Amino acid sequence: MESAGRAQAARDRVPRIDPYGFERPEDFDYAAYEEFFSTYLTILTRRAIKWSRLLKGGAGVQKSVTLKRYIRKGVPLEHRARVWMGVSGAQAQMDQNPGYYLHLLQGEKDDSLEEAIRTDMNRTFPDNVRFRKGSDPCLQRTLYNVLLAYGHHNRGVGYCQGMNFLAGYLILVTRSEEESFWLLDALVGRILPDYYSPSMLGLKTDQEVLGELVRTKLPAVAALMDSHGLLWTLVVSRWFICLFVDVLPVETVLRIWDCLFNEGSKIIFRVALTLIKEHQALILEATSVPDICEKFKDITRGSFVTECHTFMRKIFSEPGSLSRASIARLRERCRARLLAQG
């Protein structure tokens with residue numbers, strides 16, 4: 001009875017809509033969240049003071065060992081757009097191309113591109129009050145513009161499902177169409193090359209790379225997958241395509257993106273390996289393909305992923321060494337294998 005009372009009290013204190021506009025799900029654990037957030041708020045306050053000192057004076061964000069350490073510990077929301085723009089190269093691109101974004105929006109009409117984007121508008125964050133048609137302002141138009149401009153900018157990609165979720169998160173953080181466009185360009189064009197091209201070769205390659213990393217670091221899980229003939233794409237494709245959006249809690253995704261913009265795509269492997277390693281015993285209980293798939297959904301829920309500060313510390317310790325050179329070698333091998341398979 002007492003725990004039920006605590007849960008109700010937590011419900012009364014924790015808003016049903018989170019700071020980014022997402023409605024909390026029916027089964028949201030308000031008591032556990034409040035317990036975590038009361039501690040996390042102290043960390044956020046301490047970090048915010050340090051960040052304000054680091055960024056004082058309004059100078060551009062320069063990569064450094066100190067900045068890397070700060071980013072790994074989390075970027076305060078009020079500085080996130082500025083930091084992401086700086087470390088990703090998006091700010092430099094925007095400064096070098098004044099007026100380019102507006103020029104793209106006024107580009108030649110492309111009916112198939114526009115239709116593909118429109119089709120996904122209502123499917124993008126139906127649980128977010130800011131993306132609903134009746135909201136004021138409604139972010140659907142902003143999202144449409146960013147995706148349309150990007151389709152005109154990168155005709156080799158155009159529009160691919162999954163990009164709507166990336167652009168939507170960028171808009172929620174930056175509150176700027178143009179900045180969201182340039183950050184989307186950093187993600188799709190540089191950080192995740194070939195993830196969203198028609199062949200999706202980069203995406204398929206990285207899923208294979210994850211399989212190889214699991215084979216080395218968590219052989220029992222790899223053996224389970226092999227024994228059922230289960231391809232990695234069936235259990236992790238959404239992790240890669242949406243960069244954990246709609247997979248992990250919002251604040252955890254944003255903490256992952258802080259590091260992704262600064263350190264590149266190997267962060268995705270760190271997150272994936274940490275999720276699998278932490279829940280290895282649970283995964284190994286699975287006895288069938290549907291059971292394995294369900295276990296991979298289960299491991300993206302609960303306190304482990306909600307407590308984003310602890311989670312982010314674990315992604316830099318649990319997987320062990322993960323050098324750029326070793327990832328590059330694995331990518332080369334997996335890409336060659338996929339091309340040979342046709």
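Which helices are included in what covers the buried residues of α12? Before we click, some housekeeping. The model is predicted, so local features need pLDDT of at least 70 and side-chain atom pairs count only at pLDDT 80 or more, while totals for chains, interfaces and linings use all residues. Residues are numbered from 1 along each chain as its sequence is written, and side-chain values use heavy atoms, with hydrogens and water left out.

**Stop 1: α12 and its cover**

Select residues 219–227, which make up helix α12. Helices here are DSSP runs (H or I, at least four residues; strands are E, at least two), numbered from the N terminus. Colour Val221, Ala222, Leu224 and Met225: these are the buried residues of α12. Buried means under 20% relative accessible area, exposed means over 50%, and partly exposed is in between (1.4 Å probe, protein chains only). Look down the axis, and the four sit on the same side of α12, because they cover an arc of only 160°. That arc is taken from the directions running from the helix axis to the C-beta atoms.

Now for the opening question: the cover includes α11 (201–217), α13 (232–241), α15 (266–278), α16 (280–283) and α17 (289–298). Contact, here and below, means heavy atoms within 4.5 Å.

**Stop 2: α11 against α12**

The axes are lines fitted to C-alpha atoms, for helices over the stretch in contact, and angles run from 0 to 180 degrees between N-to-C directions. Show side chains for Val214, Arg215, Thr216 and Lys217 on α11, which meet Pro219, Val221, Ala222 and Asp226 on α12. By class, this contact has four nonpolar residues, one polar and three charged. The classes are: Ala, Val, Leu, Ile, Met, Phe, Trp, Tyr, Cys and Pro nonpolar; Asp, Glu, Lys and Arg charged; the others, Gly among them, polar.

**Stop 3: just past α12**

Step on to glycine 229, in the loop between α12 and α13. Its phi is positive, near 60°. Is glycine 229 buried or exposed? Exposed, with a relative accessible area of 61%. For a distance label, pick the C-alpha atoms of glycine 229 and proline 249: they are 20 residues apart along the chain and separated by 30 Å.

**Stop 4: α9 and α10**

Jump to residues 163–174 (α9) and 177–191 (α10), which pack at an angle of about 135° with their axes 9 Å apart. That makes α9 and α10 oblique to each other. On the α9 side, select Met163, Leu166, Ala167, Leu170, Ile171 and Thr174; on the α10 side, Glu179, Ser180, Leu183, Leu184, Leu187 and Val188. This contact divides into nine nonpolar residues, two polar and one charged.

**Stop 5**

Most residues other than glycine have a negative phi, and most peptide bonds are trans.

- Arginine 175, in the loop between α9 and α10, has a positive phi near 55° and is exposed at 66% relative accessibility.
- Aspartate 194, in the loop between α10 and α11, has a positive phi of about 70° and is partly exposed at 31%.
- Proline 137, in the loop between α7 and α8, is joined to aspartate 136 by a cis peptide bond, with omega about 0°.

**Stop 5: α7**

Select residues 111–121 for α7, then pick out its buried residues: Leu113, Glu114, Ile117, Asp120 and Met121. They fall within an arc of 135° seen down the axis, so they line one face of α7. Asp111 and Ser112 are exposed on the other side. The cover over the buried residues includes α8 (140–153) and α9.

**Last stop: valine 250**

Valine 250 is in helix α14 (residues 250–263) and is buried, with a relative accessible area of 14%. Which residues is valine 250 in contact with, leaving aside its neighbours within four places in sequence? Select Asp18, Tyr20, Phe22 and Tyr169.

Terms used: Angles under 35 degrees count as roughly parallel, over 145 as roughly antiparallel, 65 to 115 as roughly perpendicular and the rest as oblique.
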